[in-house]
Amino acid sequence: MTELTDKTIDSATTSGVTVVDFYAEWCPPCKMLSPIFDKTASMMASQASFYKMDAESNPDTVIKHQVNSLPTILIFKDGAVVDRQRGLMNQSQLETLVKKHI
């Protein structure tokens with residue numbers, strides 16, 4: 001899974017549907033979401049781009065997009081945030097969230 005940074009997020013989210021998982025290493029719900037996110041990413045790779053972002057290492061993006069709880073999933077479409085989900089979710093919920101925008 002490709003990790004984004006403050007410097008790479010804008011170029012990675014400019015076109016199409018992009019799903020970004022904001023997480024922290026110390027966050028138990030983030031660790032629970034990680035395999036769900038990875039599985040969904042592999043299943044839906046042809047429909048959307050999936051990335052992870054360490055929230056603690058990328059404060060500029062966290063502030064810019066008002067990520068104030070972890071985990072947070074942001075859905076970008078052609079460079080703009082079109083949806084967000086805070087907290088742990090199951091695979092069905094994540095798939096439904098992504099499918100709304102593809």
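**Strand pairing and helix packing in the predicted model**

Strand 1 and strand 2 are paired in the parallel sense, with 6 bridges between them. The chain passes from strand 1 through helix 2 to strand 2, and this β-α-β crossover is right-handed. Strand 1 and strand 3 run antiparallel and are joined by 6 bridges. In general, the strands of a sheet pair through backbone hydrogen bonds, in either the parallel or the antiparallel sense.

The sheet is open and consists of 4 strands in the order 2-1-3-4, with mixed pairing. Strand 2 and strand 4 (80-86) are at the edges, and each has a single partner strand, so one side of each lacks a neighbour in the sheet. From one strand to the next the twist averages 20°. Helix 2 packs on this sheet, where it touches strand 1, strand 2 and strand 3. The direction of helix 2 makes about 160° with that of strand 2. Helix 4 lies across strand 1, strand 2, strand 3 and strand 4, and runs at about 25° to strand 3.

Burial was examined for strand 1 (17-23). Of its 7 residues, 7 are buried, each having under 20% relative accessible area; strand 1 is therefore largely enclosed by the rest of the structure. Val 17, Val 19, Asp 21 and Tyr 23 point one way from the strand, whereas Thr 18, Val 20 and Phe 22 point the other way. The residues of both sets are buried, Asp 21 and Thr 18 among them.

Helix 2 comprises the 16 residues 28-43. At 1.5 Å a residue, helix 2 should span 22 Å, and its end C-alpha atoms are 24 Å apart, which agrees with that expectation. A kink of about 30° is located at Ser 34, shortly before the proline Pro 35. The buried residues of helix 2 are Cys 30, Leu 33, Phe 37, Thr 40 and Ala 41. An α-helix has 3.6 residues a turn, so residues three or four places apart point the same way. The buried residues of helix 2 pack against strand 1, strand 2 (49-54), strand 3 (72-77) and helix 4 (91-99).

Definitions and conventions:
Residues are numbered from 1 along each chain as its sequence is written. This is a predicted model: local features need pLDDT of at least 70, side-chain atom pairs count only at pLDDT 80 or more; totals for chains, interfaces and linings use all residues. Side-chain values use heavy atoms; hydrogens and water are left out. Helices (H or I, at least four residues) and strands (E, at least two) are DSSP runs, numbered from the N terminus. The expected span of a helix is 1.5 Å times one less than its number of residues. The bend at a residue is the angle between axes fitted to the seven residues ending there and the seven starting there. Buried means under 20% relative accessible area, exposed over 50%, partly exposed in between (1.4 Å probe, protein chains only). Contact means heavy atoms within 4.5 Å. Two strands pair if DSSP finds at least two bridges between them. A crossover is right-handed if, with the strands pointing away from the viewer, the path from the first strand over the helix to the second runs clockwise. Axes are lines fitted to C-alpha atoms, for helices over the stretch in contact, and angles run from 0 to 180 degrees between N-to-C directions.
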